[in-house]
Amino acid sequence: MAQSYEEMDAIAMLKADHRKVEELFEKFENTNGKATKQKLAEEICLELKVHTAIEEEIFYPACRGKIEDELVDEAYVEHDSAKLLINEIEAGGPDEAFYDAKVKVLSEMIEHHVEEEEKRVEGMFSQARAAGLDMDQLADDMRARKRTAMEEFQAGKPAETRTLEGDDVASAQTDQPLGEGLQTR
Ligand SMILES: [Fe+2]
Ligand SMILES: [Fe+2]
């Protein structure tokens with residue numbers, strides 16, 4: 001039987017999130033009905049907002065200083081690029097001219113990003129594993145944060161970027177959670 005999400009270590013958990021979103025993107029591609037498309041796109045956006053939040057607040061900070069710095073920096077910027085599209089998709093709908101294109105481009109961005117995280121040996125997860133991070137503790141922390149983040153985003157909070165023009169980039173440089181004592185805009 002497959003390992004339950006509650007028992008997974010940090011990397012297994014993040015990979016399970018990746019597989020879930022990939023499946024949703026595939027369903028979106030194979031769907032024609034507008035209502036179903038919108039429902040799937042919204043589910044994709046919610047999942048990605050929660051996933052990027054737990055990585056940025058818990059997993060990436062744990063990696064900082066233990067793995068290649070550029071890898072962590074690029075991961076933040078890749079998240080932010082994806083978040084711009086996520087917020088666009090959430091604000092739009094399937095009647096809009098570029099809706100499907102936005103979802104497609106988001107899927108390609110995520111595919112590349114997931115590759116950077118999961119790549120064997122030089123990928124972020126491999127480096128984190130080799131650095132000896134406490135994957136069980138990180139998993140517990142991320143599961144706990146996942147529950148509260150899910151509530152926040154389900155209540156309509158948009159994705160917040162950290163590294164773009166107008167952001168306070170300190171949140172990405174020091175890996176502070178957003179919105180806790182830090183001016184983000
Ligand atoms: Fe990820
Ligand atoms: Fe990520």
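The structure is a predicted model, in which local features need pLDDT of at least 70, side-chain atom pairs count only at pLDDT 80 or more, and totals for chains, interfaces and linings use all residues. Residues are numbered from 1 along each chain as its sequence is written, while chains are lettered from A and ligands numbered from 1 in the order in which they are written.

The protein has seven helices and zero strands (DSSP runs, H or I of at least four residues for helices and E of at least two for strands, numbered from the N terminus). Its pattern along the sequence is α-α-α-α-α-α-α. The C-alpha trace spans about 45 × 45 × 30 Å along its principal axes. Of the 185 residues, 31% are buried (20 or more other C-beta atoms within 10 Å; exposed means 12 or fewer, partly exposed in between; C-beta atoms are placed from the backbone).

Helix α1 (residues 10-29) meets helix α6 (residues 135-154) with axes that come within 7 Å and cross at roughly 45°. Axes are lines fitted to C-alpha atoms over the stretch in contact, with angles from 0 to 180 degrees between N-to-C directions. The α1 helix is therefore oblique to α6 (under 35 degrees is roughly parallel, over 145 roughly antiparallel, 65 to 115 roughly perpendicular, the rest oblique). Ala10, Ile11 and Met13 of α1 contact Met135, Leu138, Ala139 and Met142 of α6 (C-beta atoms, placed from the backbone, within 7 Å).

Val121 lies in the loop between α4 (99-118) and α5 (124-130). Its phi is positive, about 65°, although Val121 is not a glycine. Val121 is exposed, with 7 other C-beta atoms within 10 Å.

Key: Two residues are in contact if their C-beta atoms, placed from the backbone, lie within 7 Å.
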